[in-house]
Amino acid sequence: MKVNKKWFGIGLLTCSVILAVGCSNNKTDDKGTTASSDTSEGKLAKEQVLNLTEVAELPTGDTALSTDTVGFTVFNQVLEGLYRLDKDSKPVPALAKEEATVSEDGLTYTFKLREDSTWSNGDKVTANDFVFAWQRVANPETGSQYAYLLEGVENAEAIISGEKTPDTLGVKAVTDYEFEVKMEKPVPYFISLMAFPTFFPQNEKFVTEKKDKYGTSADTMIFNGPFIFKDWDGTNLSWKYEKNPNYWDAENVKLTEINVDVVKETATALNLYDAGNLDRVLLTGEYAKQFRDTPEYKITTEARSAYMQYNQLREGKKTIFANENMRKAVAYSYDQDLLANEILANGSQILTGLVPADLAANPKTGEDFRKESGDYLQFNQKEAKKYWELAKKDLGVDKVEFDLIADDDESNKKISAFLKDQIETSLPGTTVNVRSLPFKVRLEVATNQEYDLQQGGWGADFADPVNFIDLLQTDGAYNRSGYSNKEYDALLADSKGKNANNPEARWENLLDAEKILLDDAGVSPMFQRAAASLQKPYVKGIYSHQVGAQFTYKNAYIEEHE
């Protein structure tokens, strides 16, 4: 999911290529299966225990501070908001006992809460928990990088900028079980945000009591979701979910336990899978090719874009990537087709822009945004060499050396090696120094802009192109590159302001903004992610989402097997 987005973790934030925080269309593989296609329940196994892996550590247990796919997956199991994504990635009422009531002008939302939801400390979940959580996200002292998602809520922007106090945010507990939101302007995708972890409730008494320790370990977290979080001390590479007996819908939760280990090497994970110690394993490169024809092989496409991010300002000084010709030289230097189909070979597709395919459609014609916007910055060695020669003249150099940062999991290491070879081959005189960093460290390095190039990425938080176009806004929360274009900013502002209620004009704003960004080579596309995996046939009901949190395990179960 915008991690320091993304990926995901790339969720960024500029997120890692593999971790970014899709749209509502779950694409099927050539066997006609999807990760959320289980609709009927066979005979349950006596032991309802699921064993999984993650490819990166968990940076934080605080929903106000989280920006990454790993964290959002955790929160989606142990917490619950007003809405939850169903198997088709559609938001459906969860703590809201029915669909929200929306005023005719789209400026007032009223949510009626169910009265049978409790926190793991025994407190009732009430409307005040949403008021407290949202005010905390908006409060600049919290440092929430996702605070911008509150834009549109009354006074949110003024609070985020420090002009007003958090208690002026347009949210109110009408009663213990009625939550009201006042908007300054309509936000077309507002309901879909209600299933996103940043908007989940927080227990004021508990958070206040834990102070700076809140969310730093499983013991300093509180839960109201299908599972309770266990065995995470803030730094270790494993954790556990245990069924929450006090969850309002506990009777429909079949799993009693989920064990998760961070395993960054595919070979290691495969050995555990073959030994029966894992129930699902992600595949990359040669492994994806090797197991492509096995019955347990699955591909799930995702609304996640992987792209090259160019840092233009480092330690207060302009970098070589402040030069447009230098950015374009690198942008044209690597082969997206080879990367997607040979290096990754997991169903990932060539990406031809920033916004991924199958995320959103033209409100009038139904044409997909990616198709309508067109293709940008595709591999072309002739163009790469042309811009490299121009860049050398601009910079007054014959050689350049720069770093490339990425996560230290196996897949990102392969991508880094590929990019280094491609850039150095296409642009003679360049030296690329790869820095493979632990996920949490990379996020910090990206936030501080202590890099030259980054394997960036973003997973959709909601099904709208603005989710991606917003990333490079001047001084935006996730603009970790120093990119700035006034025309781009103006188009983005129009899409959120004067054209917010004009779908067709808003669509044109976003198309034009993406064109400006990519014509500038503010970023350059690499691939649209898909996940290839092996999953035991007795594992059923795991929902895979294209937007927001990547997985839901609430409906999963283990079928009886030998």
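Student: Let's zoom in on T53: is T53 buried or exposed, and what is its relative accessible area?

Tutor: Before I answer, bear in mind that this is a predicted model, where local features need a pLDDT of at least 70, side-chain atom pairs count only at pLDDT 80 or more, and totals for chains, interfaces and linings use all residues. Residues are numbered from 1 along each chain as its sequence is written, and side-chain values use heavy atoms, with hydrogens and water left out.

Now to your residue. T53 is buried, with a relative accessible area of 14%. Buried means under 20% relative accessible area, exposed means over 50%, and partly exposed is anything in between (worked out with a 1.4 Å probe on protein chains only). T53 belongs to strand β1, which covers residues 49–54. Strands here are DSSP runs of E with at least two residues, helices are runs of H or I with at least four, and the numbering starts from the N terminus. So what does T53 touch? If you skip its neighbours within four places in sequence, T53 is in contact with V260, D261, V263, L278 and R280. Contact simply means heavy atoms within 4.5 Å.

Take L193, in helix α4 (residues 190–193). At 0% relative accessibility, L193 counts as buried. Beyond the residues up to four places away in sequence, L193 touches L149, F199 and F462. Follow the chain and L193 is 102 residues from P91, yet their C-alpha atoms are 8.6 Å apart in space.

Q422 sits in helix α12, residues 410–426, and is buried at a relative accessible area of 13%. Apart from neighbours within four places in sequence, Q422 is in contact with S333, Y334, D335, L338 and F379. One of these, D335, is 87 residues away in sequence, with 7.5 Å between the two C-alpha atoms.

K210 has a relative accessible area of 23%, and that makes it partly exposed. Not counting residues up to four places away in sequence, K210 touches D219 and T220. Its C-alpha is 8.8 Å from that of M221, a residue eleven places along in sequence.

Loops are worth a stop, too. S89 lies in the loop between β2 (83–85) and β3 (91–93). S89 has a positive phi of about 65° although it is not a glycine, and it is buried, at 3% relative accessible area. D358 is in the loop between β15 (349–350) and α10 (369–373). D358 isn't a glycine either, but has a positive phi of about 65°; its relative accessible area of 25% counts as partly exposed.

Finally, let's see how some helices pack. Two packed helices are described by the angle between their axes and the distance between the axes. The axes are lines fitted to C-alpha atoms, for helices over the stretch in contact, and the angles run from 0 to 180 degrees between N-to-C directions.

Start with α8 (residues 324–331) and α11 (residues 381–395), whose axes come within 8 Å and cross at roughly 150°. That is why α8 and α11 are roughly antiparallel to each other. For the cut-offs, angles under 35 degrees are roughly parallel, over 145 roughly antiparallel, 65 to 115 roughly perpendicular, and the rest oblique. On the α8 side the contact is made by N325, M326, K328 and A329, and on the α11 side by A384, Y387, W388, L390, A391, D394 and L395.

The other pair is α15 (residues 486–496) and α16 (residues 503–519), with axes that come within 9 Å and cross at roughly 160°. This makes α15 roughly antiparallel to α16. In α15, the residues E487, Y488, L491, L492, D494 and S495 meet R506, N509, L510, D512, A513, I516 and L517 in α16.
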